[in-house]
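Q: I am new to this structure and would like a close look at a single part of it. Could you walk me through one residue and its surroundings, and then what lies around it in the fold?

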Amino acid sequence: MRTVRMLAAAALAGAALLGPAAPGALADTPTPSASGGEEAGPTEAGTTFRTAAFFRPGQEATAQAATGDYLYWVFPADTGERPTVRATVTLPESALRHGPSAWRVDVYDGLRRRQPCMYGTQSRTAAKDAGSLELACVLRPVRASADAWANDPLPGSYYVRLTVSGLPEEDLGQSFSARVGVDVSDQGGAYATDGALAAPLVPGATTAELAEAEEEAGRRTAVEAAAPEDGWSSGWWSDRWIWTAAGGVLAALAGIGGYVLTRGSGRPSRVPPTA
C-alpha cells in the first residue's frame, strides 16, 4: 500500500506540472486585437511592395480601386504565431460586368518570398451576378529561425497582395472595394526552435550599429516602426521549457518508483549474515 500511495502521489505531481502547459489550452488560442478597437486600419492600399499600407492584426484595412490594380498591405507576425489572412471583395454592379471574374490573395514574407497557405481558399471565381466574394489564407506558424535554404516563415513583416487574376477584358477598370483583416493564433512551443534572428525581417532594417546610432539620435528604427504593439519577442522563451522540466521531473519520479518496486524487502531473516 505504501508503494501504491507513492506512485499515486508521483502521478498527481506530474499532472499538476503538465496542467499549465497543456497543448489544447495553448494551441490555436486567438490573440486579442492589438489595436484594442482604438485605432482604425488604413483606408487606402499600396500599389507595390514599397508602398504597402501598414496595419496590425485585429484591425481592418479597406480600400477602393479599379479592377486590374494590385493592392498591397503589410502586417507584423511574431514567433509562434499563425496568421490567418481574410479578404472580402465587393464586386462592381452585375449589370456592368460581362462575365465571371477570378480573384486571388497572396502573402509574402519580409524577404518577399511567397508563403504557401496551409488552409483556406486563396483564389476564387465569382459569378457574373455575384455581389461579393471572400478569400482566406492560413499561413504556417512563424518560426524563430530556420536554415538559409528553407522557406519557413520567420518573424517580421508580411505582405498581402490582392488582385483579380482573370476577367473579361471589357471589365478592366471597373471600381470595386476590398476589406482585409488578419487574425493570429498562438501556437505555443510546438513550433519553437533553439535559434533566433538577429533582427526581424522588416523593410528598411539596417545593421545593429546603424540602428543603435538612430536610437541615440532619437529616431525611430524601421524594426520598431514595423513591430507589433507589444514589441517583438526575444525568441528564446517558449512553453517547451516547461514541458522539458516537467519531463525531467516525471523521469526522476518514474526512476524512484521503479526502484521501490524492484528493491524487495532486503535480506531474508533465515539467511545467515555470513552467507
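A: Happy to! One term first: two residues are in contact when they have heavy atoms within 4.5 Å of each other. Please keep in mind that this is a predicted model.

Let's begin with Q122, which sits in the loop between β7 and β8 (123–126). Its relative accessibility is 14%, so Q122 counts as buried, the cut-off being under 20%. Who are its neighbours? Leaving aside residues up to four places away in sequence, Q122 touches W103, R104, V105, D106, R114, C117, L135 and A136. With one of these, R114, there is also a polar contact: the side chains of Q122 and R114 are joined at 3.3 Å.

Another loop worth a visit runs between β6 (101–108) and β7 (114–115), and R112 lies in it. Most residues other than glycine have a negative phi. R112 is not a glycine, yet its phi is positive, at about 65°. With a relative accessible area of 43%, R112 is partly exposed.

Finally, have a look at strand β5 (residues 81–90). Here 8 of the 10 residues are buried, so β5 is largely enclosed by the rest of the structure. Strand β11 (residues 175–186) runs antiparallel to β5, and 10 bridges join the two; in one of these pairings, P83 has V184 of β11 as its bridge partner. Strand β9 (residues 132–138) is also antiparallel to β5, with 7 bridges between them, and there V89 stands opposite L133.

Terms used: Residues are numbered from 1 along each chain as its sequence is written. This is a predicted model: local features need pLDDT of at least 70, side-chain atom pairs count only at pLDDT 80 or more; totals for chains, interfaces and linings use all residues. Side-chain values use heavy atoms; hydrogens and water are left out. Buried means under 20% relative accessible area, exposed over 50%, partly exposed in between (1.4 Å probe, protein chains only). Helices (H or I, at least four residues) and strands (E, at least two) are DSSP runs, numbered from the N terminus. Two strands pair if DSSP finds at least two bridges between them. A polar contact is a pair of N or O atoms within 3.5 Å; within protein, one must be able to donate a hydrogen and the other to accept it, and residues adjacent in sequence count only if both atoms are side-chain atoms.
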